[in-house]
Amino acid sequence: MFEKKIDRRHALRLMGLTAAGAMAAACTPKAEPTAAPAATKAPDAPAEATKAPEVKEWTLIFDAAGATPTDMETAQEGDVIQQGLQPAADDYKDVKPGVTIEWYRFPQGSNRTEWLNARIAAQDCPDMYWMNADALWPHVNKGWALDFTEYAKSPNPYMPGNKNWEDYIDFVGRTSQIGPDGKVYGINLDGAGVLWIVNRDAYDKAGVTELPKTWSEFMAGNEKLKESGIVPIGGDFSQQCCFTHWTHGHVFGWLAWDNIYDFDDDGDLYVTTKEMAEYYQRGEFPLWEEFTRLAELFREQEPYLPLGYQGEVAYRDMFRRGEVAAYMEGNWTVTSFIKDPPPFEYTWMNYPQLTKAEWPGCPDDKKVRLQGPWGGMQYHVPGYLPETDPERIPVIMDWLMFITQPKYVEPACAERGTVPMVEGAEAMPEIAPFTAPYDRAVPYQSWASLSAPAYESERALLAEYAGSTMSNDELVSRGKEVWEEEVKNLLESNPDWTI
Amino acid sequence: MAEMHAVRSPRRGSAFRRVAGEMRSRWYCYVMIAGTYALLITFAYYPAVSAVYHSFTIWDGFRPPTWVGFGNYHEIFTDKTIFRSAFKNMALLGVWQVVRAATFPLLGAALLYRIKSEKMAYFYRLLFVLPIVVPWVVAVQVWKNLYEPNIGMFNAILKGIGATPQAFLNSPKQALASLMFMGFPWIDGVGLLIYLAGFLAIPLEVIEASIVDGANSWTRFWKMELPLIVPQIRLIVILNVIGAFQNFGWQLLVTRGGPMNATTVPGWEMYHQAINSGRYGVASAIGTVLFVMIFALTLFNQAMIKSDVEYQAG
């Protein structure tokens, strides 16, 4: 056999050449596809939505959040199995054979804003992602979300009649997607509401036989519950959802009953971040007297909160163990409570109504409800697509129009107990308490918060106030510092909001 | 090889020509390490230089930056949260982390070093080192659950003995101390191995001589062993100073800087400003300040922690 020996120098040289070749290959730009998109601008004719190329193969990565089908490969015994939008994806194969829907599994425990910030910066975001629109607005002018306006105002070929796509969506869901610049930045197919879940047995044991309807009844009941040895209110001031901002949302709805809409210039029944920033610059917002009263009401609840309420407390677990008497919960938990009920009788209760005894401006006998667009099916598209892959946009829009059909939205909502926001889709009967009539909806989860970081600062201030003897003057003074700082930061990234 | 250089260099003239010639003759070596340097420059040096530049700008990570001079530095040195709370907490946690890392594993290693039975020494070493295999994140979550004020084990014990339950991590007054207590008994496996390696490298004749001279165990530790493992102590101190300044893992996983900013540190504020608020300019300024501080302290450590005693191993 022929053998040739090479010395070490030649061997190294050979390896060097190989490494150089590998590096050159790795650094060579990717070859352009033969059907390279010529346009760099997003196709702006919405009619093209239904003409998604059928020959070309597409895979759409979909972060469907609450409507994501259960991953059967990782599902364990006892897990709640949900179909989500899988039936729609299966049917869509017949309609658009070239399009495949791939479910994106959002990393559990991650923070949405942090995740999205990284994904948008790296331009590797799923083609459709979930996010509450109010969390999106401070970033929308950085290109985090695609402008849906022309599609939203075009007919949806998959729905009966000849209405524009957005006209099939409930008013709250529709307006929730209108950004600070008046453009539409998403599609919202379901909504949610909030009530108190009450350990009925604990209430009875403490002698609270009637569910409290007013704030004073609520506080009197809490005192009895505390005396009976149970923690009356489940909640904390940590970042976990949702005691602080839900209290904020409900209570501010009453405190600012007469004037909250004075700051709603765009008529979407909500004071947006932009509106707040503008009215702050005019010196008219926030409403400091109402803010102070809100803080006082937090302080009134402080004796009835669990130990360690200034940080994260496992009050949901405590409720199930019978150690907490009541806490606020969203309708999306109804199904899990039905499937896995706690070992006691429980019921749902409206937020106790504030009356003139708590604040002179409160209306008589009015119900305020956190009832908004923040379900699990609120979808946005990355704003960089017009530059990176414009041909993909009509394909995505067509799919989103397809899933708007009630036959897909209704079962997906029923699986999670959310409220369908699409014409023709009905809510499951078990969540009737959440769809009962109310007088004012708080369409987002709190009023008067500029941004997530601003709210963190506010929450820390409220927590400190609740657990201390801080004076109201100091509260307002420090509250103004928070707003000053946050409005400055907000205008830094949204200079066009400066007045 | 050194002799070849000595022969070639006078013939080729200047040092530059000598280096160029060397590079030409060994070009394949440079090609082979080029990839490493390319990655290093791309992912280590370029971001660092970019951060220094962006620390003088307002930048949201998406739109072009706007030059603001020292505005971001002014902000971080006047902001109550960042300057007062975060830097104060960093100093406290940093001092504790360095003391903890420098002393407790040292004590553990010194005790292990004194165990005469090889089997027992191996057994105890294994006991100390085994926890390394538990992912840090898991360990942190375990501690978080232990601290939970209502359903955690620590308060169950306190209630069991009739003591008042505490809020621990959920209390602004107790959170920092609770963070410091995490990881008890604070004998880090890696640190212990580094110290133990130092002890084992001490020449046996040195130890034997001290025994012959009548030194007891305590005297040997203070007068002989400790001075001889100063390089290990220096390594541990430097690594932990750097770690203490950069780390915000506890904040990210456990406290989110709270409650009420009681546990925030500059590293967390940097992350928070960049990722939550999209204020990369301010985040870069915090990072630059941290870099300067770490660099200065590392130089300081190098200068201050010196070993006067050197020995020939083996």
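Is the crossing of helix 5 of chain B and helix 10 of chain B right-handed or left-handed? In this predicted model, the crossing of these two helices of chain B is right-handed.

**Close-up 1. Helix 5 and helix 10 of chain B, axes and crossing.** Helix 5 of chain B spans residues 80–114 and helix 10 of chain B spans residues 189–200, and their axes come within 8 Å of each other while crossing at roughly 50 degrees. Helix 5 of chain B and helix 10 of chain B are therefore oblique to each other.

**Close-up 2. Residues that meet between helix 5 and helix 10 of chain B.** From helix 5 of chain B, the residues B:Ala101, B:Pro105, B:Leu106, B:Gly108, B:Ala109, B:Leu112 and B:Tyr113 meet B:Gly191, B:Leu192, B:Tyr195, B:Leu196 and B:Phe199 of helix 10 of chain B. Sorted by class, this contact of helix 5 with helix 10 of chain B comprises 10 nonpolar and two polar residues, with no charged residues.

**Close-up 3. Packing of helix 13 against helix 16 of chain B.** Helix 13 (residues 230–246) and helix 16 (residues 280–304) of chain B pack with their axes 10 Å apart, at an angle of about 165 degrees, which makes helix 13 of chain B roughly antiparallel to helix 16 of chain B. Helix 13 of chain B passes helix 16 of chain B in a crossing that is right-handed. On helix 13 of chain B the contact is made by B:Arg234, B:Val237, B:Ile238, B:Val241, B:Ile242, B:Phe245 and B:Gln246, and on helix 16 of chain B by B:Leu290, B:Met293, B:Ile294, B:Leu297, B:Thr298 and B:Asn301. The residues of this contact between helix 13 and helix 16 of chain B are nine nonpolar, three polar and one charged.

Methods: Residues numbered from 1 in each chain as written. Chains lettered and ligands numbered in written order. Predicted model: local features only at pLDDT ≥ 70, side-chain atom pairs only at ≥ 80, totals over all residues. Axes fitted to C-alpha atoms, helices over the stretch in contact; angles between N-to-C directions. Helix = DSSP H or I, 4+ residues; strand = E, 2+ residues; numbered from the N terminus. Parallel < 35°, antiparallel > 145°, perpendicular 65-115°, else oblique. Left-handed = near helix turned anticlockwise from the far one by under 90°. Contact = placed C-beta atoms within 7 Å. Nonpolar A, V, L, I, M, F, W, Y, C, P; charged D, E, K, R; others polar.
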